[in-house]
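Me: I would like to go through this model with you before I set anything up. Could you take my questions one at a time?

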Amino acid sequence: DVPLVFKSKLDTLPTVFSRSGKNRTPRKDKAKRKPAYDWSCAESLDWMKRYSPKHYHQYYEEFRKQDICGRCFVSLTDTHLQQVGVGNEQLRSDLLHQLARLTIKWDTIELKKLRRPS
């Protein structure tokens with residue numbers, strides 16, 4: 001008696017692949033995620049650490065001193081990033097691009113909630 005359905009070992013692995021092809025660990029509790037604009041300074045810094053681990057240490061202290069919370073974080077401009085010590089133009093551009101994607105992601109989630117019937 002051979003089972004008709006075989007479960008792949010890949011189905012039980014704790015990692016998933018991102019679009020970039022890199023492994024990442026899935027979030028444990030999706031219900032506890034909150035929009036970036038509601039993040040504390042620590043949560044904003046955690047995101048920055050995940051996004052740019054090589055450069056994170058260069059601007060961590062200034063972001064912490066300025067207490068840049070989520071609402072400020074998603075509103076950052078190129079000038080703001082320069083003022084908090086992000087001197088590399090390419091890094092600022094990349095960071096602003098990722099922040100825009102993050103904002104669009106949460107805006108899309110909120111719009112989908114509005115479309116759902118109550």
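Me: Which residues of α5 are buried?

Reply: They are L91, R92, L95, L99, L102 and W106.

Me: And what do those buried residues pack against?

Reply: They pack against four helices: α1 (41–51), α2 (56–66), α3 (70–73) and α4 (78–83).

Me: Let us turn to the core. How many residues does the largest nonpolar core have?

Reply: It has 20 residues, and those with the most contacts inside it are W47, M48, F63, F73, V86, L99 and L102. In soluble globular proteins, nonpolar side chains tend to be buried together.

Me: Which helix gives the most to this core?

Reply: Helix α5 does, with five residues. At least two residues come from each of α1, α2 and α5.

Me: What is W47 in contact with, leaving aside its neighbours within four places in sequence?

Reply: W47 is in contact with W39, F73, L95, Q98, L99 and L102. W47 also belongs to an aromatic cluster, together with W39, Y51 and F73.

Me: How many aromatic pairs are there in the whole structure?

Reply: The search finds five. One of them is W39 with F73, a tilted pair at 6.2 Å centre to centre and 35° between the planes.

Me: Why does that pair tie together separate parts of the chain?

Reply: W39 lies in the loop between β2 (23–24) and α1, whereas F73 is in helix α3, so the pair joins parts that are 34 residues apart in sequence. Both W39 and F73 are buried.

Me: What about Y59 and F63?

Reply: Y59 and F63 form another tilted pair, at 5.7 Å centre to centre with 55° between the planes. Both lie in helix α2, four residues apart, about one turn of the helix. An α-helix has 3.6 residues a turn, so residues three or four places apart point the same way.

Me: Is Y59 buried or exposed? And F63, buried or exposed?

Reply: Y59 is buried, because its relative accessible area of 1% is under the 20% cut-off. F63 is likewise buried, with a relative accessible area of 1%.

Me: Now the loops. Where does L76 lie, and what does it touch?

Reply: L76 is in the loop between α3 and α4, and at 12% relative accessibility it counts as buried. Not counting residues up to four places away in sequence, L76 touches F63, L81, L96 and L99.

Me: Finally, where is confidence lowest, and where highest?

Reply: Confidence is lowest in strand β1 (residues 16–17), at a mean pLDDT of 36, and highest in α4, at 92. Over residues 1–19 the pLDDT is below 50. Where pLDDT is low, the predicted coordinates should not be read in detail. For the chain, the mean pLDDT is 76, and 72% of its residues reach 70 or more.

Definitions and conventions
Residues numbered from 1 in each chain as written. Predicted model: local features only at pLDDT ≥ 70, side-chain atom pairs only at ≥ 80, totals over all residues. Heavy atoms only, no water. Buried < 20%, exposed > 50% of the residue type's maximum accessible area, 1.4 Å probe, protein only. Contact = heavy atoms within 4.5 Å. Phe/Tyr/Trp six-rings, centres within 6.5 Å; stacked < 30°, edge-to-face > 60°. pLDDT = per-residue confidence, 0-100. Core = buried A, V, L, I, M, F, W, Y, C linked by side-chain atoms within 4.5 Å.
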